[in-house]
Amino acid sequence: MKGILRVVRYPRHGHLRNNCNAFTPLSLRCRRFKSEDAKEGVKGDTAAPLTPWNRKMMKTIGILTGCQFLANASFGIIIPVLPQFAKELGLGAFGVGAILSVPAIARVFLNIPLGKAADIYGRKPLMVCGNIIGAIGACSTGFANSLFMLLPARLLVGIGTASSMAGTSAYMADITSKMPSYRAQIMGVQHTMVTAAFVAGPAIGGFLAEAYGARPAFMIVGMAMAASGMGYSFLEETKKKDSTEIPPDKDDNGKPSLKVADGVLALLKDKEQQGIIVMTGALFLGYTAQLTLLPLHASAVLSATTGEIGLLFSASSCSGLVGAPIGGYISDKWGRKAALIPSALLCASSAVCLSMCSTYPTFVAAIVAWGLGTSIMHPGLMALAADIAPPHLRGEALSLSRQAGDIAFLIGPLTLGAIAQWSSCGVGLMVTACSYVFSALYFHRKVSRK
């Protein structure tokens, strides 16, 4: 038939044979070949955009999300065993704080350098090696019998998680850049899996602590992190050598430089990056408020038992399972602002309501609304950070928002705890609400895109 071009591909050599007749328009033949070449990575017309339902993409996202689920579930396992483990070491509340805070301190110092390392050496080495280092640290924690053994082990966990997060965040940004119209929805599914991991992890940890004691839980965490690292090894590296990409800075010996000052300062001058950093800080301050203030407030106002407080947190986590996919869909459909600003205001309203609640039903409703708001915020915020990150600085740019979150997670408990002690938990919740409102207004001013 005239005007029809049939392309036959030889499987061994990949050659193309034009089987059309002489009447096929030349422009049509060129367009067909260019389209075929574009799919193979040859210059030509842009190929059809990928979708998450592409078989290869589904496999990649499945491995990445499954490994993250495994790693986060393992961290959730240790939450119920912390008091018992600290008691075995004779450390009390200080030991619990050390187990939680030392890895965060390590991340604060390493987030940005490791983000730059992901831009220079690739994503996969950091993902694999980071989980292996974290596995060694987790197993060493289980063997620790004093504070001097505990602190180095927890530092290894912090180094490992900082490395793994630097690689995985850049990797997710890389693969979603091939399908930007689905980026927030994919990140919403990822956040849903992380939330589900933290729902399942504490239940598993509580059972293990009752059956076998606290120390085996850390061994299981180490094995899970090692298995996660092995899973990452099956992924393809997404940091490809590109002639159009800006090469990394060199040191005096001609090797890639890990100095971060210039790159960070350049990124911080971007107004949209500033908006993301402020909103991320408010998001993580809200997380710390939930962990620090809500148990105290529920105990003081409702005389809630430990079991009832646990149910409140479970209700918040379950709302996150619903909110993350919704947030991803809204963000992709109507823009990042359409998801982020209303959800930040929903979080602020929920915090205000919690500060004034006096009955259990209203308390549950407010905390569920707060969990829904934070879960809607998360995919859009991650997607926007990936949207504006320069390809050659993607790892370093994404590390800035993680840095803001870790700093808020370190400062927040101390600040909000002091406010609750000197005034009340209600005042601390009002301060948290104000941070949400300020971040929404600042974000609206700084971020011009939808």
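The mean pLDDT of this chain is 80, and 81% of its residues reach 70 or more; pLDDT is the predictor's confidence in each residue, from 0 to 100. Over residues 1-48 the pLDDT is below 50, yet this stretch still has 44 contacts in the model beyond near neighbours in sequence. Contact here means heavy atoms within 4.5 Å. Where pLDDT is low, the predicted coordinates should not be read in detail.

Two notes on method. This is a predicted model, in which local features need pLDDT of at least 70 and side-chain atom pairs count only at pLDDT 80 or more, while totals for chains, interfaces and linings use all residues. Residues are numbered from 1 along each chain as its sequence is written, and side-chain values use heavy atoms, with hydrogens and water left out.

Now to helix α7, which covers residues 183-212. Helices (H or I, at least four residues) and strands (E, at least two) are DSSP runs, numbered from the N terminus. The cut-offs are under 20% for buried, over 50% for exposed, and partly exposed in between, with a 1.4 Å probe and protein chains only. Thr192 is also found in α7, and is buried at 15%. Not counting residues up to four places away in sequence, Thr192 touches Leu321, Ala324 and Pro325.

Lys178 lies in the loop between α6 (147-176) and α7, and is partly exposed at 47%. Lys178 and Met57 are 121 residues apart along the chain, but their C-alpha atoms are separated by 9.8 Å. Gly66 sits in helix α2, residues 55-78, and is partly exposed with a relative accessible area of 34%. From Gly66 to Tyr232 there are 166 residues in sequence and 9.7 Å in space, C-alpha to C-alpha.

Helix α14 runs over residues 394-422. Its 29 residues reach 42 Å from first C-alpha to last, close to the 42 Å expected at 1.5 Å a residue. That expected span is 1.5 Å times one less than the number of residues. Where does α14 bend? The bend is at Gly412, by about 35°, and a proline, Pro413, follows within four residues. The bend is the angle between axes fitted to the seven residues ending at a residue and the seven starting there.

On to aromatic rings. The whole structure has five aromatic pairs. Rings of Phe, Tyr and Trp (its six-membered ring) pair if their centres lie within 6.5 Å; planes under 30 degrees apart are stacked, over 60 edge-to-face, and the rest tilted. For Tyr329 and Trp334 the centres are 6.0 Å apart and the planes are at 85°, so this pair is edge-to-face. Tyr329 is partly exposed at 41%, whereas Trp334 is exposed at 53%.

Last, the cysteines. Cys357 is buried at 10% relative accessibility, and Cys425 is buried at 12%.
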